[in-house]
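Please examine the sequence and the three-dimensional structure displayed here before reading further.

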Amino acid sequence: LRSLIIHQPRQDPLRLQIRWKKWGPAKIPHKKPRWIPMARSKMFVDPPTCLIAQAELDHEKSLHTQYEMRMKALVQYLYEDEAKFSDTGEAGRMEAEQEEKDHIRLVKENEEENRRVAEMRKLRLEQEMEQIKINVQRELSAKEQEEKERIESADQLVRREADSMRRRILPQNLEAAINEALDNPLDPEFALDRDGHIYRGRETKSLKIPEDQREKLTIPEKNQSTEKISLE
Amino acid sequence: MSFMKGISPIRRTTNYLNASPLVLKRRVKILTVNFNENEEEEHHKGARDFVFWNLPQVQYKNPNVQIVTFRNLTPSPFITCFLEDNSKILFDVDSQSNKEIMDRLVKTVGKSKELLEEEALASEAKSNPANFCRRLGFDRHCICEMPGQVPCPIMVPVPKHWRGKWWNQGHRYEEE
């Protein structure tokens with residue numbers, strides 16, 4: 001409405017159809033109205049020409065073309081390089097996914113292995129337990145045996161002592177005992193030779209005894225009743 | 001031979017240390033080994049051997065992984081790997097030999113052989129043909145042998161006013 005007021009001249013005798021700016025800020029003052037022809041000084045003027053040599057323009061254009069070509073090639077190369085080799089590109093991402101899957105699989109396999117080792121450990125521990133039980137049984141029975149032997153040897157000692165106590169010389173038997181001792185002298189003397197023969201008696205002459213009658217000294221057999229007499 | 005000190009000093013040689021196949025994956029941050037030192041416990045023998053013979057190799061190949069040993073705490077030996085996402089992997093190594101333990105670790109948390117080879121290839125310094133020095137294996141000895149360059153001063157003395165010696169001794173101020 002504002003533009004209507006400005007553009008329509010107050011006294012427009014011809015009342016021609018006037019085109020005015022339909023939107024936007026009005027341009028005041030207006031340029032030359034379109035029905036007024038071009039100024040005579042400006043008519044038939046050649047358009048401005050480029051004074052720069054064509055060769056130079058061509059050279060510049062070719063330089064630009066070369067530059068663009070190289071830049072695009074570089075960008076393409078870097079794009080492909082990033083996709084193929086970098087850790088964030090396509091290939092890198094796929095590799096990372098594959099690695100994750102592999103990792104999960106390997107962890108599962110490791111857990112299987114752990115279970116197998118646990119089984120073997122269980123078996124080993126059971127075997128060790130049985131071995132321990134056997135050892136304990138053996139030790140217990142050995143101890144029992146030892147105790148039994150100890151008691152037996154103590155028993156025998158007591159019996160022997162009791163026996164010797166019974167056979168002790170009483171005052172009324174003294175003379176008889178003396179006479180008996182005098183009648184049966186004990187001769188503990190003996191001689192040995194290198195061949196292991198023993199010659200008992202004080203009066204025995206070793207060379208006078210024939211060879212077949214010589215007594216050979218042998219290692220006595222281990223007699224348990226005479227060996228162990230410990231009372232601990 | 002006074003530098004080979006200690007028990008089994010072969011464990012300190014670089015040849016031995018480099019011979020381990022176990023390079024841990026990047027996700028493994030800590031490795032702990034639990035075992036007992038008592039010689040009578042045969043089921044710990046593998047773990048003991050692993051710690052004695054193989055742990056230096058593992059640490060050498062993985063300098064950024066923390067490796068800890070715990071002695072005489074538990075009745076059976078085990079190895080724990082702590083990963084970067086706060087999870088653990090437990091390896092029960094009761095009655096296993098140190099070779100078996102090593103193989104198991106390589107299989108589960110070690111980098112594969114192909115990956116190691118790839119990494120070795122990538123890290124090799126690529127030979128740049130633009131470099132000089134025949135002694136280091138490049139093609140050219142010096143830029144003086146290239147046509148169009150300043151010839152070698154052995155053959156043709158360099159103009160005096162190009163020499164730093166002439167310049168610094170003040171000859172440039174002399175009047176000829």
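This is a predicted model: local features need pLDDT of at least 70, side-chain atom pairs count only at pLDDT 80 or more; totals for chains, interfaces and linings use all residues.

Residues are numbered from 1 along each chain as its sequence is written, chains are lettered from A and ligands numbered from 1 in the order in which they are written, and side-chain values use heavy atoms, with hydrogens and water left out.

Consider the interface. Contact, meaning heavy atoms within 4.5 Å, joins 15 residues of chain A to 16 residues of chain B. Six salt bridges cross this interface, a salt bridge being a side-chain nitrogen of Lys or Arg within 4 Å of a carboxyl oxygen of Asp or Glu. One of them pairs A:Glu99 with B:Arg27, whose closest N and O atoms are 3.8 Å apart. On the side of chain A that touches chain B there are eight charged, four nonpolar and three polar residues. Here Asp, Glu, Lys and Arg count as charged, Ala, Val, Leu, Ile, Met, Phe, Trp, Tyr, Cys and Pro as nonpolar, and the others, Gly among them, as polar.

Which residues lie nearest the centre of the largest pocket? They are A:Asp87, A:Glu95, A:Glu99, B:Arg26 and B:Leu115, within a lining of 28 residues. A pocket is an open set of points on a 1 Å grid over the protein atoms alone, where a 1.4 Å probe fits, with protein on both sides within 12 Å along at least five of seven lines; lining residues have an atom within 4 Å of a point. By class, the lining has 16 charged, seven nonpolar and five polar residues.

Over all chains, the structure holds 23 salt bridges. A:Asp102 and A:Arg105 form one of these, with their closest N and O atoms 3.6 Å apart. Because these residues, A:Asp102 and A:Arg105, are three residues apart in helix H3 of chain A, about one helical turn separates them. Helices are DSSP runs (H or I, at least four residues), numbered from the N terminus.

How values were computed:
Helices (H or I, at least four residues) and strands (E, at least two) are DSSP runs, numbered from the N terminus.
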